[in-house]
Structure formats: structure tokens, C-alpha cells
Amino acid sequence: MNIPRRRFVKLLTFGTATSLVAGKFCRHNLLAYCELPPGQEGAVFKIRLSDFPALQEDYGSVRLGINPIGSDFPDGLFYPFIINRDGFGNFYVLDCECRHAGCVVPTYDNTEFVILCPCHGSRYDIDGSVLGGPATEPLHQYPFEFDGNDTLTIHVPCWAFNTQLSILPGGPNSRVQLDFPTFPQVTYEVRFRERPQDPWTLASFATTLGGPADQTSRLGLGTPATIYLDRTTPTGLYAVSMDLFEM
Ligand code: FES
């Protein structure tokens with residue numbers, strides 16, 4: 001299936017950031033829109049409603065994911081999730097795995113008032129409850145908090161990962177090495193900022209120690225990745241991001 005992958009990456013990022021401050025390493029379990037709270041395994045993912053016109057309207061719905069959808073099923077390890085808004089300003093965050101046989105369900109249809117599974121016709125309500133089989137159980141709901149204004153903070157259990165930073169020998173302008181695990185069919189990028197108050201910028205990297213730093217994204221294969229970046233400043237913060245798509 002050809003997926004319309006409207007890319008809306010605004011530093012929608014998972015994984016830990018790693019900073020280099022005066023030659024010392026400092027690990028941060030926090031990044032612009034995604035946090036990995038200390039002691040917790042799941043990521044906390046923040047969505048700005050103002051980024052999604054559909055979520056500012058009654059019965060609006062969006063579907064977000066980090067790997068493509070193949071023929072009815074995810075191409076990678078993860079199902080996308082849906083965010084629905086009902087007619088009373090309530091939100092629902094639902095996993096897209098149909099509870100009948102695992103197909104990926106679409107967004108809420110606000111003309112038929114249903115989430116209709118394309119495989120065998122299971123019907124779900126806007127909150128994920130079952131309206132009609134063959135599914136007998138509701139779509140899984142992700143817990144979240146709404147700040148009453150513009151931010152949904154969604155608890156995603158399995159999209160988090162850690163990033164390890166190393167400074168390679170070679171003087172003040174030596175390269176930085178980043179090691180991180182990858183999930184298959186997920187696209188990774190690297191962001192950099194010199195100071196916490198600076199905007200993040202896309203960083204180019206090399207995939208070999210001596211190779212040119214001329215790449216800006218890498219497709220995950222399900223194996224650990226090692227990349228190398230040229231240091232342009234003595235201090236800074238690096239982050240490995242997973243691209244998130246509305247699909
Ligand atoms: S997989 Fe959805 S109805 Fe069968």
C-alpha cells in the first residue's frame with residue numbers, strides 16, 4: 001500500500017539526548033517533545049494540538065506512526081496510534097491494532113461516526129469501544145493528560161531508546177560518536193544545538209570513522225547503529241530522533 005507520508009517532523013523525537021559540556025558527558029532523559037522519565041521504561045510524548053487542525057474540530061482524528069504500513073499491517077514493529085476528539089472536547093488516544101486479527105485501523109470517520117477496520121469490518125466507536133464484530137474487545141487506549149490548552153502528554157510504552165555519546169581522540173575538533181539501537185523501518189536523524197535555549201538544527205553525519213559527514217538520515221535495520229559527527233563547537237547537545245509521520 002502506498003502511504004501518504006506527510007512529513008511534519010518538528011523535532012518529534014524519541015531517545016535520550018546526550019550533551020557535551022566542557023569536556024564532560026551529561027545524559028539528559030529529556031528532549032523537546034518526548035521525555036523518558038527517570039526510572040520509567042515508557043516514553044512521554046507531547047503533542048501540540050495547534051499542529052493538527054483536525055484536533056481542533058469536533059470529531060477530528062489523526063493517525064501518527066514511526067514506520068510505514070504495508071498491506072494491512074505495519075512494515076516495522078510498531079502500530080501507529082490515533083488521536084480522536086469527540087463533540088465535547090474529550091480526547092482519546094488509541095492503538096491502531098484491530099483486536100480481531102491485528103490489521104491497522106484507520107482514523108475515525110466523522111461522516112459515518114465509526115472507526116472501520118478494512119480487513120473484516122469490525123467497527124469501533126470514537127473512544128475505541130466495539131460497535132460491531134468480529135472484534136470483541138476495544139482498541140487499546142494509551143493514557144495521556146491534557147493541559148486544557150494545547151498540549152496532550154501521551155504515555156507511549158515502547159518507543160523509547162537510549163543514545164550513547166563518545167568523544168573520539170584527536171584534539172578539540174575531534175569527532176563525536178553516537179551509538180544507538182534502531183528499530184526496523186524507522187528513519188533516524190540527528191539534531192544539534194549548542195545551548196539549551198538554541199533551536200535544534202539537523203546535523204549531518206558519517207557512517208564510518210574517516211568518511212565524509214554528508215548524510216542526514218538513516219533507515220533503521222533493527223540492529224545497533226554507530227555514526228560520527230564533526231564537532232563545530234566545544235560544547236553542545238546532540239539528539240537522535242525518530243521521524244514521526246501522519247499517515
Ligand atoms: S482484523 Fe480487523 S476486523 Fe479482522
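How many aromatic pairs does the count come to? Rings of Phe, Tyr and Trp (its six-membered ring) are taken as a pair if their centres lie within 6.5 Å, and by this rule the count comes to 7 aromatic pairs. One of them joins F192 and Y238, with 4.9 Å from centre to centre and 50° between the planes. This pair is tilted, a term for planes that are neither under 30 degrees apart (stacked) nor over 60 (edge-to-face).

The structure is a predicted model, in which local features need pLDDT of at least 70 and side-chain atom pairs count only at pLDDT 80 or more, while totals for chains, interfaces and linings use all residues. Residues are numbered from 1 along each chain as its sequence is written, and side-chain values use heavy atoms, with hydrogens and water left out.

The F192 and Y238 pair links distant parts of the chain, 46 residues apart: F192 belongs to strand β17 (residues 187-193) and Y238 to strand β21 (residues 236-242). Strands are DSSP runs of E with at least two residues, numbered from the N terminus. F192 counts as buried because its relative accessibility is 12%; buried means under 20% relative accessible area, exposed over 50% and partly exposed in between, with a 1.4 Å probe and protein chains only. Y238 is also buried, at 4%. Elsewhere, Y59, Y108 and F113 form one aromatic cluster.

A glycine may be considered next. G76 lies in the loop between β7 (61-65) and β8 (81-85), and it counts as buried because its relative accessibility is 17%. Leaving aside neighbours within four places in sequence, G76 is in contact (heavy atoms within 4.5 Å) with N67, P68, P184 and Q185. The C-alpha atoms of G76 and G220 are separated by 9.7 Å, although these residues are 144 residues apart along the chain.

Methods. Helix = DSSP H or I, 4+ residues; strand = E, 2+ residues; numbered from the N terminus.
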